[in-house]
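Hi,

Here is the structure I promised to pass on to you. Have a look at it first, and then read my notes below.

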Amino acid sequence: MTDHAVLSLEHVGLRIGGARILHDIALEIPVGEMLGVIGPNGAGKTTLFNVVSGVVRPTEGVVRLDGQDVTREPIHRRAVAGLGRTFQTSSLFPGLTVLENVRLAAQAHAGGAASVFRTPRRTDAATRVALDALAEVGLERRADAGAAGLAHGEKRKVEIAMLIAMDPKVVLLDEPMAGVASGDVPAITEVIRGLHRGGRTVLMVEHHMEVVLGLVDRVAVMHHGELLAVDTPEAVMANPAVQSAYLGEAV
Ligand SMILES: Nc1ncnc2c1ncn2[C@@H]1O[C@H](COP(=O)(O)OP(=O)(O)OP(=O)(O)O)[C@@H](O)[C@H]1O
């Protein structure tokens, strides 16, 4: 492992029953990198995120966050250590406002059980963090809107604001453009760019190839649970093995 790797995977493998879901994944992510993770459907991208965030424990190998072995650490410990994640499906509480959702994330990060009924002092601090996070994604004017009524693109922005409120070093974005109207794609792309400019390391699974290639420093290509290539967007797109993995799929 190199000194500056904020996240590293060493020979990571996952078997479920007789199935080999991930095989011998070796990956080092330097501080501040934006890495795209691509691959055909079923290649193992989401499972890789599950292994990194602690949803699933690998059956082989080691996951390190900032040099620390977190392979056996539960999700919340990894979150406290600086790992943030969004999911393919929305993780917002629909009955709460935008601000309340983001404030819950800030409170959870500050420690203790998250509650909307905190003491005023603590709530005030969490509220400031939440409002700053909403400003960073350009949603401060929507603070009092109900989460249930948001457009899909706005929900994605709120989810990113929730991540920001948890002050992560490493952010995993799982298909941030899924379900987003094409007109909203440029705005969300800018929000992701801002997330990265803030000094955070970003890993993003995304099928929207134009977005991936326009944003990331390197691309990791997965195929049948293995890492086929990790390289610059240009080199990856020119790689014959990658092209053949995608045969029959729109790249
Ligand atoms: N808990 C599990 N039990 C059995 N098989 C699983 C399990 N989790 C994932 N798989 C299988 O592992 C493979 C990889 O799944 P995964 O969801 O990680 O792929 P993906 O690259 O994220 O796909 P997509 O782009 O469609 O989201 C698939 O064949 C899936 O069916």
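In which strand is Gly36 found? Gly36 sits in strand S3; strands here are DSSP runs of E with at least two residues, helices are DSSP runs of H or I with at least four residues, and both are numbered from the N terminus.

Two quick notes before the rest. Residues are numbered from 1 along each chain as its sequence is written. Keep in mind that this is a predicted model, where local features need pLDDT of at least 70, side-chain atom pairs count only at pLDDT 80 or more, and totals for chains, interfaces and linings use all residues.

**Gly36 and its surroundings**

Gly36 is buried, with 24 other C-beta atoms within 10 Å. (Buried takes 20 or more other C-beta atoms within 10 Å of a residue's own, exposed 12 or fewer, and partly exposed is in between; C-beta atoms are placed from the backbone.) Leaving aside neighbours within four places in sequence, Gly36 is in contact with Met204, Glu206, Val212, Val216 and Val219. Contact means that the C-beta atoms, placed from the backbone, lie within 7 Å. Gly36 and Val211 are 175 residues apart in sequence, yet 9.5 Å apart in space, C-alpha to C-alpha.

**Strand S8 and its partners**

S3 (residues 34-38) runs parallel to strand S8, joined to it by four bridges; two strands pair if DSSP finds at least two bridges between them. Val37 has Val205 as its bridge partner in S8. Strand S7 (residues 170-174) also pairs with S8 in the parallel sense, over five bridges, and Leu172 stands opposite Leu203.

Why is S8 largely enclosed by the rest of the structure? Five of the five residues of S8 (residues 201-205) are buried, so the strand is largely enclosed. Thr201, Leu203 and Val205 are buried on one side, and Val202 and Met204 on the other.

**The antiparallel sheet**

There is also an open sheet of four strands with antiparallel pairing, in the order S2-S1-S4-S5. S2 (19-30) and S5 (68-69) are at the edges with a single partner strand each, so one side of each has no neighbour in the sheet. Helix H1 (residues 45-53) packs on this sheet and touches S1, S2 and S4. The direction of H1 makes about 65° with that of S2; axes are lines fitted to C-alpha atoms, for helices over the stretch in contact, and angles run from 0 to 180 degrees between N-to-C directions.

**Domains and core**

The domain assignment, which is automatic or from a database, gives domain 1 (1-82 + 169-251) and domain 2 (97-167). Their contact takes 12 residues from domain 1 and 10 residues from domain 2. On the domain 1 side, helix H6 gives the most, with five residues.

The largest nonpolar core has 71 residues, and Val102, Ala161 and Ala165 have the most contacts inside it. (Such a core is a set of buried Ala, Val, Leu, Ile, Met, Phe, Trp, Tyr and Cys residues joined through C-beta atoms within 7 Å.) Helix H5 (residues 152-165) gives the most to this core, with seven residues.

H5 and H6 (residues 185-197) pack at an angle of about 5°, with their axes 10 Å apart.

Cheers

Note on methods
Two residues are in contact if their C-beta atoms, placed from the backbone, lie within 7 Å.
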